[in-house]
Amino acid sequence: MASLTRRSILRSSAALVAAGTIARPRIANAQAKTAEVWWTQGFVPEEDTAIKKIAADYEKASGNKLDLSITPFAPQRQKIVAAMQTGVVPDVMVNNPAEIIALHAWEDKLIDVTDVVEPQKSLFTETALLNAYCYNNVTKKRAYYGVPLTQDVLPNHIWRPLVEKAGFNMEDVPKTWDAFYDFFKEVQKKLKSQGMRNVYGLGLNVTTNGVDPNNVFNYFLIAYGGQDIVTKDGKLHADDPKVKAAVVKALSYAPTAYKEGFVPPGAINWNDADDNNAFHAKQIVMDLDGTISTEVAVLSQGKKEDYDNIVTMGLALSNDGKPVPSQANIVAALIPKGAKNVEVAKDFLKFLSKPASINEMLKVGLARRVPSMPHIVKDDPWWLDKSDPHRVAYVTQALLSPTVPQLWALTPAFSQVQNEHVFPKGWAEVDQQGVTPQAAADKALKRVEEIFANYKI
């Protein structure tokens, strides 16, 4: 199977992207204005088509114009960093990476969009709202600094035929956390005994690149009982014995699996879509990764058999048999300070965040993400249509099961923790330098305490 990258997807829809902006609509009023919008390129071409359609619909309805720029995920991160440093910013941008909403709100670099969120506040999930409700160190209070459009979590993606080839059934997969992931080590052993030398049981991101390792670490931390490393008041509890124990366990499992040969050797250098590519190439039996981009990518390519052979599964129970909440992220639309046309920017966000707009945008984009409004999936039967088990499993995990907000939503200090990859660097010390998980945890928590000392709420 050809390697799937955002760049290759871009080439496949070059004509669309090269156009840059939507065809000019009829201007409805003499006072029409233009807003510059930066959007992240989709994982499949249909996502780009979706945002272009929404933009065109807005232009037609309002008479205003949108200068829409669609950029791949990693280059856009760099573009946003440069813009926020120089002050030459767009009117609307997305939170790429997600935690910049908390960081730039703290720095008073974002426009308060409470007036956009408040009229339909009751429609959003509590988790989505918490992720957008950030603290400003200048005003000394919280406000909504982004409009949450989606709510996304990390499901498990599994190749059913590889499990079966190893002599197991999906019903054999254990229900508790460590046993769940240990199962795929046994699958690997069986497959290698049959001569499949280049297949690995686990697709865990043990890298220090990008957003994925932070997400995976946080999931293991929560599963091991460490969610209260930061409480809702934004306070750090690095000295809590339960938290310390969870950090040690979370710094142990993935790098130990890597050292034992159950994770691909190249995983220490993975970035962006590399784990997806490994999964599509059947180099890994399972992957813990955000959204169902893995599944919709093969569907977009017309590979229905592969689509049907993947199992999308929610989280295992904790080791003591309790439900593990999914830490949810959001795609949010932000207005940076310095934007030239805040009026049109807010008007567009009001249009974009209407339930009908969110629903259409996600459905046209093959729904690798789910809406931040639960009533959308309850009112539209398409979302829970059992003919697509991937979508049903993902909607159930992301919207209909317990979720918790990102730790950076509780304090911007954790934005810096994630930007520095403090805990994934601990993984690297364990799997590459032979440092013990306990020593790596002590070092990581010390650095976290140093970072938190600079953020007082």
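Guide: Strand β12, residues 329-334, is largely enclosed by the rest of the structure, because six of its six residues are buried. Buried means under 20% relative accessible area, exposed means over 50%, and partly exposed lies in between, with a 1.4 Å probe and protein chains only. Strands (E, at least two residues) and helices (H or I, at least four) are DSSP runs, numbered from the N terminus. This is a predicted model, in which local features need pLDDT of at least 70, side-chain atom pairs count only at pLDDT 80 or more, and totals for chains, interfaces and linings use all residues. Residues are numbered from 1 along each chain as its sequence is written, and side-chain values use heavy atoms, with hydrogens and water left out.

The residues of β12 point two ways. Asn329, Val331 and Ala333 point one way, Ile330, Ala332 and Leu334 point the other way, and all are buried.

Next come the partners of β12. Two strands pair if DSSP finds at least two bridges between them. Strand β3 (residues 92-94) pairs with β12 in the antiparallel sense over two bridges, and Met93 has Leu334 of β12 as its bridge partner. Strand β6 (residues 147-152) also runs antiparallel to β12, joined to it by five bridges; here Thr150 has Val331 as its partner in β12.

These strands belong to an open sheet of six, with the order β2-β1-β3-β12-β6-β13 and mixed pairing. At its edges are β2 (65-71) and β13 (370-371), each of which pairs on one side only. Strand β1 (residues 34-40) runs parallel to β3, and two bridges join them. Val37 stands opposite Val92 in β3. Helix α15 (residues 342-352) packs on this sheet and touches β1, β2, β3, β6 and β12; its direction makes about 50 degrees with that of β1. Contact means heavy atoms within 4.5 Å. Axes are lines fitted to C-alpha atoms, for helices over the stretch in contact, and angles run from 0 to 180 degrees between N-to-C directions.

There is another sheet to look at. It is open, has four strands in the order β8-β9-β7-β10, and its pairing is mixed. Its edge strands, β8 (200-203) and β10 (310-313), each pair on one side only. On average, neighbouring strands of this sheet are turned by 15 degrees against each other, direction ignored. Within it, β7 (residues 156-159) and β9 (residues 284-288) run antiparallel and are joined by three bridges. His157 stands opposite Asp287 in β9. Asp287 counts as buried because its relative accessibility is 0%. Leaving aside neighbours within four places in sequence, Asp287 has contacts that include Pro155, Asn156, Gly203 and Phe279.

Helix α13 (residues 293-300) is largely enclosed by the rest of the structure, because six of its eight residues are buried. The buried ones are Ser293, Thr294, Glu295, Val296, Ala297 and Val298. They pack against β7, α12 (274-280), α14 (304-309), β10 and α18 (389-399). Just after α13, Gly302 takes a positive phi of about 80 degrees.

Helix α10 (residues 212-223) packs on α11 (residues 241-259) at an angle of about 130 degrees, with the axes 8 Å apart. The two helices are therefore oblique to each other: angles under 35 degrees count as roughly parallel, over 145 as roughly antiparallel, 65 to 115 as roughly perpendicular and the rest as oblique. Phe217, Phe220 and Leu221 in α10 meet Ala246, Val247, Ala250, Leu251 and Tyr253 in α11. By class, this contact has eight nonpolar, no polar and no charged residues. Ala, Val, Leu, Ile, Met, Phe, Trp, Tyr, Cys and Pro count as nonpolar, Asp, Glu, Lys and Arg as charged, and the others, Gly among them, as polar.

Helix α21 (residues 422-433) packs with α11 at about 50 degrees, the axes being 9 Å apart. That angle makes α11 oblique to α21. Val247, Ala250, Leu251, Ala254, Pro255, Tyr258 and Lys259 in α11 meet Phe423, Gly426, Trp427, Val430 and Asp431 in α21. The residues of this contact divide into nine nonpolar, one polar and two charged.
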